Amino acid sequence: MAYDYILVERRGRAGLITLNRPNALNALSAGLVGELNAALDEFEADDKIGAIVITGSEKAFAAGADITEMKELDFVTAYRDDFISEWDKVGQRRKPLIAAVAGYALGGGCELAMMCDFIIAAETAKFGQPEISLGVIPGSGGTQRLTRFVGKAKAMDMCLTGRLMEADEAERAGLVSRVVPVGDVLEEAVKAAQKIASFSLPAVMMAKESVNRAYETTMAEGIRFERRLFQALFATEDQKEGMLAFAEKRSPQFNNR
Ligand code: CO8
């Protein structure tokens, strides 16, 4: 499928989606988000892909929702069309998503990064929810995911003042998993995706589902949920192969069943 606003590649079993609207700092237009979801649909359905990286440019992962597109929007239209509900689809993907972030990740850009399962940041990354300076608030999880990830004090500070958080602070606060030099950020994310994709896909998907469950439920329920998934994995060929390979001191050959 041909895309106008993104580039799509395969690197072994890792899928790579590069946001590509350089003249608008990858502002997230309806067209771009539609294409992103279409590319994610394709990778989700592809047995040869085990994990996906979403990245932008060195200057911007994405500088937010497209303000020129939004500025004339009125309440009735936004409500009737459930404006930006489409976005949440990104966060409902079942294969792991890694955000490789350099430069600005602002507004919807920060929210997109947070919809991914983890964020690998370049030293140049800057995260922010500056919607307050436009007369609105975050609309795609910025007040919810950010608060869960960095806590109330920093989330309030960012959402109320619009201040940006640089990569080192983001790592200390738990927003990003690793910070690397800007020239390495994509390679590091692709390597992580390839590593994940080398494991048993059902196990990977269940690990993701189980970690995410921690945000939705009590500890006791979460532990029960985890245990059931753990037990279920003993029905897979990959569990037999993984443990046999360990015993035979060789690398496992998972076939994702
Ligand atoms: N929308 C549309 N165009 C943009 C956006 C944007 N969010 N950000 C940058 N651009 C465009 C600029 O208008 C400019 O275009 P042109 O060259 O035609 O004038 C081009 O990108 C380059 O930008 P700048 O010249 O401003 O570059 P600077 O290096 O001077 O500044 C900044 C970089 C600081 C990132 C600056 O561009 C900026 O402040 N951008 C807006 C950031 C922002 O407010 N983001 C939040 C948007 S609101 C939002 O995301 C709501 C989320 C709702 C949920 C998500 C659903 C989509």
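**Pockets, ligand shell and strands**

The largest pocket has a volume of about 980 Å³. This is a predicted model, in which local features need pLDDT of at least 70 and side-chain atom pairs count only at pLDDT 80 or more, while totals for chains, interfaces and linings use all residues. Residues are numbered from 1 along each chain as its sequence is written, and side-chain values use heavy atoms, with hydrogens and water left out.

Rolling a probe the size of a water molecule over the atoms shows where empty space is left. Here a pocket is an open set of points, on a 1 Å grid over the protein atoms alone, where a 1.4 Å probe fits, with protein on both sides within 12 Å along at least five of seven lines; lining residues have an atom within 4 Å of a point. Grid points are joined across faces, edges and corners, and the volume is the space filled by probe spheres set on them.

The lining of the largest pocket consists of 32 residues, and Gly 91, Asp 117, Lys 208, Asn 212 and Tyr 215 lie nearest the centre. At least two lining residues come from each of α4 (88-91), α5, β7 (118-122), α6 (145-150) and α10 (201-213), with α10 giving the largest share, 8 residues. These elements are DSSP runs numbered from the N terminus, helices being H or I of at least four residues and strands E of at least two. By class, the lining has 16 nonpolar, 6 polar and 10 charged residues. In this scheme Ala, Val, Leu, Ile, Met, Phe, Trp, Tyr, Cys and Pro are nonpolar, Asp, Glu, Lys and Arg are charged, and the others, Gly among them, are polar.

The second largest pocket, with a volume of about 580 Å³, is lined by 23 residues, and nearest its centre are Ala 65, Met 70, Glu 131, Val 136 and Ile 137. Two or more of its lining residues come from each of α2 and α5.

Turning to the ligand, 23 residues surround it, the closest being Lys 59, Ala 65, Ile 67, Trp 87 and Gly 108; a residue counts as near if one of its heavy atoms lies within 4 Å. For Ile 67, a backbone N or O atom is 2.9 Å from a ligand nitrogen atom. The protein covers 64% of the 1,100 Å² of accessible area that the ligand has on its own, as computed by the Shrake-Rupley method with a 1.4 Å probe. The shell around the ligand receives at least two residues from each of α2 (67-70), β6 (104-106) and α5 (108-115), and it divides into 13 nonpolar, 6 polar and 4 charged residues.

Strand β6 also belongs to an open sheet of 4 strands in the order β4-β6-β8-β9, with mixed pairing. Its edge strands, β4 (60-62) and β9 (165-166), each pair on one side only; two strands pair if DSSP finds at least two bridges between them. Strands β4 and β6 run parallel and are joined by 2 bridges, with Ala 62 partnered by Ala 105 of β6. Elsewhere, β1 (residues 6-11) and β2 (residues 14-19) run antiparallel with 6 bridges, and Gly 12 in their hairpin takes a positive phi near 65°.

Definitions and conventions. A polar contact is a pair of N or O atoms within 3.5 Å; within protein, one must be able to donate a hydrogen and the other to accept it, and residues adjacent in sequence count only if both atoms are side-chain atoms.
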